[in-house]
Amino acid sequence: MNGSDAPKTTGGSLPRIVAASLIGTTVEWYDYFLYGTAAALVFGKLFFPHSDPLTGTLLSFLTYAIGFAARPLGALVFGHFGDRIGRKRLLVVSLLLMGGATTAIGLLPTYDSIGAAAPVLLTVLRLVQGFALGGEWGGAVLLVSEHGDQRRRGFWASWPQGGAPAGNLLAAGVLSLMTTVQSDADFLAWGWRVPFLLSAVLVGVGLWIRLAVDESPLFKQALAAQQKRQAERRSAERPPLVEVLRHHWREVLIAMGARMAENISYYVMTTFVLTYAVTHAHFSKQTALNAVLIASAIQFALIPLFGALSDRVGRKPVYLVGAVGVGAWAFVFFGLVDTESFGPLVAAVTVGLVFHSAMYAPQAAFFSELFATRMRYSGASIGAQFSSVAAGAPAPLIATALLKDYGSATPIAVYVAIAAAITVLAVLCGRETRGQDLAAVEDGNDPRAAEATEAAAPDAAPVGKPTAV
């Protein structure tokens, strides 16, 4: 089989696949960001009430960071089974886990009710959220990437990425509404629970849509080929994780490096900024949330545009512009927030998310195109989620600690700039993947994929190898 023989999705069904992935990821990210926003605004008071305000926020962000520790485990488990039994089934499981954990947080007693058990239970539920999200991202972007053709993959695959700003927009919007219609006392007493309980409704909608889509045609094809090889050899192939680490370790490292600036800048500019704006720049909670709302709405519109641009000029150039831009903007970002004026605050967050979008939009197609179908869920998920432990997990924590120790935002800007330098280096070390035929990678046109196939079946005759010209 060659690239032209790969199964294609009809024009009418691809938008439906995109919509299902986008809505599902929006719900997942709503749940995840809701925790981050609540950690910045209320969890310190509710679950760590005996600490000073900044220390309470620091402890709150610690539980927030712990959720990232479960994301690599989710990537391993969901990647393994997603490469074995399909993308769609695992996406349903991830949505149920995330929604269940978020709804449970909305029902959780606080420290005043059950003492130290409250932050412990909060941490456990955060771990479940992290585990679910670790498996969600890879499946959602692959379901879209593997349905379409290579000419517009950057555009279509960027839509599930829009679930991040959409989820953040929804989370910040619901919390902003609650803080508007309630007094601070009522919001702390019970109002903060409403957005978490709303997750149960959103999960129901997401499941209804996600269950209606088809499995990836490339995965079906790869699974049939795998079963045929196993029948011929009468032996099982190595687990996808083993193949990824043996033959695609370089691509995993590139993906991990590419995530550093994207992940760190995002959580600093959307989560930590809420704490910084309220405690250091003296904005109200509502004003800080409104700034994130406006910036997230603009980012949602920009992501597919940057995805389409990566189809025209390449994944690497667009990604590099975002990495360099966010590293430089970090030094301007906090200066604008420090003006204590709403307009500069909105500009700071918005421009930061413009540069972030230039990285985030092509990321889905870029990572998908690095791996063969039989190991793509594992490879893309491992590369994306293992880096989150070193990048997104400690970002608000490190930023809060730096602010507490130095009383200045300059060290935080340096921190973001170092992450940007790592990402630039990683992307420069990677190959340009624009136009890569995903079926061709599976068939061995990528030397590392061919090497993996031969290693798995040393006695089998080479089938379908391209003829040298």
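Q: Angles under 35 degrees count as roughly parallel, over 145 as roughly antiparallel, 65 to 115 as roughly perpendicular and the rest as oblique. How are H1 and H7 oriented to each other?

A: Two packed helices are described by the angle between their axes and the distance between the axes. In this predicted model, where local features need pLDDT of at least 70, side-chain atom pairs need 80 or more, and totals for chains, interfaces and linings use all residues, H1 and helix H7 (residues 153-161) cross at roughly 30°, and their axes come within 7 Å. H1 and H7 are therefore roughly parallel to each other. The axes are lines fitted to C-alpha atoms over the stretch in contact, and angles run from 0 to 180 degrees between N-to-C directions.

Q: Which residues of H1 and H7 meet?

A: From H1 come Leu14, Pro15, Val18, Ser21, Leu22 and Thr25, and from H7 come Trp156, Trp159 and Pro160. Contact here means heavy atoms within 4.5 Å. By class, the contact of H1 with H7 holds 7 nonpolar and 2 polar residues, with no charged ones.

Q: How do H15 and H17 pack?

A: Helix H15 (residues 285-313) packs against helix H17 (residues 342-368) at about 30°, and their axes lie 7 Å apart. H15 and H17 are therefore roughly parallel to each other as well. Their contact has 19 nonpolar residues, 9 polar residues and no charged residues.

Q: How many helices and strands does the chain have?

A: The chain has 22 helices and 0 strands, taken as DSSP runs (helices H or I, at least four residues; strands E, at least two).

Q: Which residues touch the most other members of the largest nonpolar core?

A: Such a core joins buried nonpolar residues through side-chain atoms within 4.5 Å. The largest one has 131 residues, and Phe43, Val337 and Phe367 touch the most other members. Helix H1 (residues 13-47) gives the most to this core, with 19 residues. Leaving out residues up to four places away in sequence, Phe367 touches Trp137, Ala255, Ala258, Arg259, Tyr319, Ala380 and Ala384.

Q: Is Arg89 buried or exposed?

A: Arg89, in helix H4 (residues 87-106), counts as exposed because its relative accessibility is 56%. Buried is under 20%, exposed over 50%, and partly exposed in between (1.4 Å probe, protein chains only). Across the 469 residues of the chain, 59% are buried. Residues are numbered from 1 along each chain as its sequence is written, and side-chain values use heavy atoms, without hydrogens and water.

Notes
Nonpolar A, V, L, I, M, F, W, Y, C, P; charged D, E, K, R; others polar.
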